[in-house]
2 protein chains.
Amino acid sequence: MRITLLLTSLFAGLSLNVQASSLFEKPEDAIEYRKAVFQLIRYQTGDMGDMLKGKIPFDAERFKQRANNAARLSAMPWEAFPAGSDKGDTDALPAIWTDRATFDKKAQDFADYAQKLAVAAESGDKKIIGAAFKNWAKGCKDCHKSFQD
Amino acid sequence: MRITLLLTSLFAGLSLNVQASSLFEKPEDAIEYRKAVFQLIRYQTGDMGDMLKGKIPFDAERFKQRANNAARLSAMPWEAFPAGSDKGDTDALPAIWTDRATFDKKAQDFADYAQKLAVAAESGDKKIIGAAFKNWAKGCKDCHKSFQD
């Protein structure tokens, strides 16, 4: 019951952030924004990974916070790839703009896996959490492989 | 009913991110992390402000996304003020570390106002949303006044 409620609310709040009118005045702003989001995601991933590997003690409450941060952050960077932001201080590959449909699909998968991880974190069960974390990490790699230099 | 459910889930997920063991190896990492969070918050604030002022069309769905981003992000920077991160590329004032209780209280207020804004955004009512936005903006300023150079 609790999981269902959480799922409902997560999905209500978490459609991908892709907006019709841009948040950014200049391509550099978009690059800076998406880098900030991915950097924050990396911290969440690192900390969750450390807990699952036993490098630091597993703390169910801390893990939940990380997974919730990750779920929200994972919906955020996608509006920050406007046309023209392929040049500059970025490792984003041109394929993002030439094969946008594939990119968008992988972005959606990644965000979905992050939401599932947040739901799994509610269980407090390391086995369920570990499986969800693995899927999400696969989603990271899968997108980087095709779209990041 | 919907609002109650959302409230419940928001508050479940959104205690402040203040962790016992640090996420950061070096003070510079913490500074970079909190700056990234505040930078992302500023984008959400700017966009919501533009919608409320009529600079760009009010889009209830977009506003909801911004408010949900803001609510999550507003719980995130607080773990990134460890001892020793008062020096370096930062405008954080020493009072954060000498008067931590006041800082923590203002941080909690700020995060609470952001959560209330996310709930208000669900209403789609610009009057309710505007009032919640004003409170949240006051929370920003109130903390900056005491703790940011």
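Helices (H or I, at least four residues) and strands (E, at least two) are taken here as DSSP runs, numbered from the N terminus. On that count, chain A has six helices and zero strands, and reading along its sequence gives the pattern α-α-α-α-α-α. A word on the bookkeeping: this is a predicted model, in which local features need pLDDT of at least 70 and side-chain atom pairs count only at pLDDT 80 or more, while totals for chains, interfaces and linings use all residues. Residues are numbered from 1 along each chain as its sequence is written, chains are lettered from A and ligands numbered from 1 in the order in which they are written, and side-chain values use heavy atoms, with hydrogens and water left out.

Chain A has 149 residues, and 49% of them are buried; buried stands for under 20% relative accessible area, exposed for over 50%, and partly exposed for what lies in between (1.4 Å probe, protein chains only). Contacts (heavy atoms within 4.5 Å) were also sorted by sequence separation. Of those in chain A between residues at least 6 apart in sequence, 74% link residues at least 24 apart.

On to the aromatics. Rings of Phe, Tyr and Trp (its six-membered ring) pair if their centres lie within 6.5 Å, with planes under 30 degrees apart called stacked, over 60 edge-to-face and the rest tilted. Over all chains, a search of the whole structure turns up 28 aromatic pairs. One of them joins Trp78(A) and Phe81(A), a stacked pair with 6.1 Å centre to centre and 15° between the planes. Trp78(A) is buried because its relative accessibility is 5%, and Phe81(A), at 6%, is buried too. Both belong to one aromatic cluster, together with Phe38(A), Trp97(A), Phe103(A), Phe110(A), Phe133(A), Trp136(A) and Phe147(A).

Between the chains, helix 3 (residues 60-74) of chain A packs on helix 3 (residues 60-74) of chain B at an angle of about 150°, their axes 10 Å apart. Axes here are lines fitted to C-alpha atoms, for helices over the stretch in contact, and angles run from 0 to 180 degrees between N-to-C directions. Angles under 35 degrees count as roughly parallel, over 145 as roughly antiparallel, 65 to 115 as roughly perpendicular and the rest as oblique, so helix 3 of chain A and helix 3 of chain B are roughly antiparallel. Gln65(A), Asn68(A), Asn69(A), Arg72(A) and Leu73(A) meet Gln65(B), Asn68(B), Asn69(B), Arg72(B) and Leu73(B).

Leaving aside neighbours within four places in sequence, Ser74(B) touches Leu16(B), Ile41(B), Phe110(B), Ala111(B), Ala114(B) and Trp136(B).

Within chain B, the axes of helix 5 (residues 100-123) and helix 6 come within 8 Å and cross at roughly 165°, so these two helices are roughly antiparallel as well. Their contact involves 15 nonpolar, five polar and three charged residues. Asn135(B), in helix 6 (residues 126-147), is partly exposed at 37% relative accessible area. Asn135(B) and Leu117(B) lie 18 residues apart in sequence and 8.6 Å apart in space, C-alpha to C-alpha.

Terms used. Nonpolar A, V, L, I, M, F, W, Y, C, P; charged D, E, K, R; others polar.
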